[in-house]
Amino acid sequence: MASHRKSPPPGTRVAGIRTPALATAALTSVALLSQTATAAPSTDDKPSIEEVEKKVDDLYRQAESATEKYNSAKEKTSKQREQVDTLLDDVAQRTQKLNEAREELGSFAAAQYRTGASAPDTATFLLADSPQDYFDQTQLMGRMTSRQKDAVDDYVTEQSATMKKRQEATDSLETLSESQSDLKTAKATVQRKLSDARELLSQLTAEEKARLAAIEKKKQEEAARKAAELAKQQAAEQKAAEEAAAAEESASSSSSSSEASDSSYATKAEKTLAFARSQVGKPYVWGATGPDSYDCSGLTQAAWNAAGISLPRTTYDQVNAGTTVTLANARPGDLVFFYDDVTHVGIYIGNGKMIHAPKPGAYVREESIYYDGESAIHSVVRPA
């Protein structure tokens, strides 16, 4: 007879072995402890204020880069639209002339038909798929009067020119469509970068914002120190140049010409700086060219325009619109460009400082050219 063994109650040991219920509970406890340890990291994942500051600056720079691309695409779109409009007007005028030439040939065809002349060759010509092939037939040309031949020549000329202009208009419309697409993409990029920067800043506590302001103040103090050093260097070099000029026994014609050129530039630069100073306090707005707001290249373009000098719209083109000089030789009115991708520009006012439209959320202001560090300076260009 089979023996029946009674199962031990939960929580008891049988030959030193824990029962399944207790073993399961123990394993569950170990798993929970492991999960808790994993879910609670020993370090804070929140970025430091320095990291936030760098990220925000990077986003603003990327937004400014996208702004210059937007400016370029906008300018290209505007020029392309003007070209398309001109071509379409030209096509319309040529089409009218073509219709007039066709009507004249039609009158010849009708006259041939009414007078019972031989086969109405002019009408046949009008219906032909390839008029030029038909004109090559000497029989038709031989039967045409001088006036008819002139009419045919006018028709062929206008038809060829009209077809060519229509093709140009079609190509220009395609290019315009591409430019509009680039414009839309650049605009979306600017808006996205600015939104990301605002989102980062909005997450800071009052204490963190204060620390961020302290970091910015420290950067400004360092920038001011570097500007003062540059001002001393430039003053020393200017004094040495004046002494060297005074030591010359006689001035050559070339030096006289140089002095006249310097005087002319100084006059234009004075007008440029007067305009720029009058814009201080106006907001930076990407894509803006004044008079109520500006982006960086919009301000420099407007300022030099006040002196009678026309600059291109974007930093990419402005950097090539003059003579490159060394930073030590920078003079008031010169354009100072920043970053490897040449996406920012300001107007040098002397003593290591400039007037510029800094970034979204800021205003046109005077500031050290070292506002973002010495390495940020790309080049200095003299526009006139």
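**Note on charged side chains**

1. Asp 171 has a relative accessible area of 37% and is therefore partly exposed (buried is under 20% relative accessible area, exposed over 50%, partly exposed in between, with a 1.4 Å probe and protein chains only). Asp 171 sits in helix H6, residues 146-202 (helices are DSSP runs of H or I of at least four residues, strands are runs of E of at least two, both numbered from the N terminus).

2. The model is predicted: local features need pLDDT of at least 70 and side-chain atom pairs count only at pLDDT 80 or more, while totals for chains, interfaces and linings use all residues. Residues are numbered from 1 along each chain as its sequence is written, and side-chain values use heavy atoms, with hydrogens and water left out.

3. Side chains of opposite charge can pair when their charged atoms come close. The whole structure holds 13 salt bridges (a side-chain nitrogen of Lys or Arg within 4 Å of a carboxyl oxygen of Asp or Glu).

4. One of the salt bridges joins Lys 219 to Asp 57, at 3.3 Å from N to O. This pair links distant parts of the chain, 162 residues apart: Lys 219 is in helix H7 (residues 206-247) and Asp 57 in helix H2 (residues 49-114). Lys 219 has a relative accessible area of 25%, so this residue is partly exposed.

5. Arg 277 pairs with Glu 366, and their closest N and O atoms are 3.8 Å apart.

6. A network of salt bridges that share partners takes in Glu 222, Arg 225, Lys 226, Glu 229 and Glu 374. Within it, the closest N and O atoms of Arg 225 and Glu 222 are 2.5 Å apart. Both residues lie in helix H7, three residues apart, which is about one turn of the helix. Arg 225 is partly exposed at 40% relative accessibility, and Glu 222 is partly exposed at 37%.
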